[in-house]
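Hi,

Here is the structure I promised to pass on.

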Amino acid sequence: MSGFKYHLKMLGSALIGRRKTSLKKDKLFTENEIKDLRTAFDLLDRDQDGHVTPNELQFMLRNLGIHIKDELVDDLLKEASKTGNGLIDETEFLQWVAKIQALKEESSSSSGTSPPDDDITQDLVAAFRVFDKDSNGFITRDELKTAMEMIGENVTEAQLSDMLALADIDKDGKINYEEFARLLL
């Protein structure tokens with residue numbers, strides 16, 4: 001796999017939180033899941049101080065098109081924080097995700113599960129929204145560059161051109177949802 005495709009897949013996987021295996025209460029994360037979750041944590045931790053604040057979480061949620069009251073975000077992070085100060089470090093983040101996943105599994109086992117394809121589709125749409133900053137249905141060259149910088153990958157203009165050439169099947173200079181999904185699946 002080319003380096004550019006690898007970075008795009010890595011970014012997409014981190015954003016969509018693709019789950020290769022089911023996470024159970026008594027099961028630890030796989031190495032790939034931990035890597036993806038650490039990348040997600042780094043995306044949330046915009047100032048790279050080692051902690052996610054309510055403002056940083058709210059920023060990411062809004063970019064995903066998820067609108068939650070600030071008070072609820074504050075409460076969620078206070079609950080996830082061992083000290084109760086509303087800041088979570090990487091370890092607390094991993095524990096918090098494991099707890100959410102366990103709750104999700106309990107909920108779906110008691111109410112019937114949705115097909116895995118539905119989960120993947122929802123995750124892909126959410127990830128696409130993170131890239132598509134202006135919500136116009138396309139990921140532009142600038143939006144792709146910004147997304148790569150968010151994960152610490154500074155790309156040259158030539159590398160950006162290569163990435164777009166790889167993903168942009170209809171050669172219109174931007175990546176639509178179908179092209180994005182095809183690249184990540």
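This is a predicted model: local features need pLDDT of at least 70, side-chain atom pairs count only at pLDDT 80 or more; totals for chains, interfaces and linings use all residues.

In α8, the residues L160, M163, L164 and A167 are buried (buried is under 20% relative accessible area, exposed over 50%, partly exposed in between, with a 1.4 Å probe and protein chains only). They sit on the same side of α8, because they cover an arc of only 95 degrees around the axis; the arc is that of the directions from the helix axis to the C-beta atoms.

Residues are numbered from 1 along each chain as its sequence is written, and side-chain values use heavy atoms, leaving out hydrogens and water. Helices (H or I, at least four residues) are DSSP runs, numbered from the N terminus.

Two packed helices are described by the angle between their axes and the distance between the axes. For α7 and α8, the axes come within 11 Å and cross at roughly 110 degrees. Axes here are lines fitted to C-alpha atoms over the stretch in contact, and angles run from 0 to 180 degrees between N-to-C directions. The two helices are therefore roughly perpendicular to each other (under 35 degrees is roughly parallel, over 145 roughly antiparallel, 65 to 115 roughly perpendicular and the rest oblique).

Who touches whom? R141, L144, K145 and M148 of α7 meet E157, L160, S161, M163 and L164 of α8, with contact meaning heavy atoms within 4.5 Å.

**The loop between them**

T156 lies in the loop between α7 (141-150) and α8 (157-167). With a relative accessible area of 42%, T156 is partly exposed. The C-alpha atoms of T156 and K145 are 9.0 Å apart, and the two residues are 11 apart along the chain.

**Helices α3 and α4**

Now for another pair: the axes of α3 (residues 54-63) and α4 (residues 70-80) come within 9 Å and cross at roughly 120 degrees. That makes α3 and α4 oblique to each other. On the α3 side the contact is made by P54, L57, Q58, L61 and R62, and on the α4 side by D70, V73, D74 and L77.

Which residues of α4 are buried? They are V73, L77 and A80. These fall within an arc of 60 degrees seen down the axis, so they line one face of α4. The face turned away from that buried side carries the exposed residues E71 and E79.

Cheers
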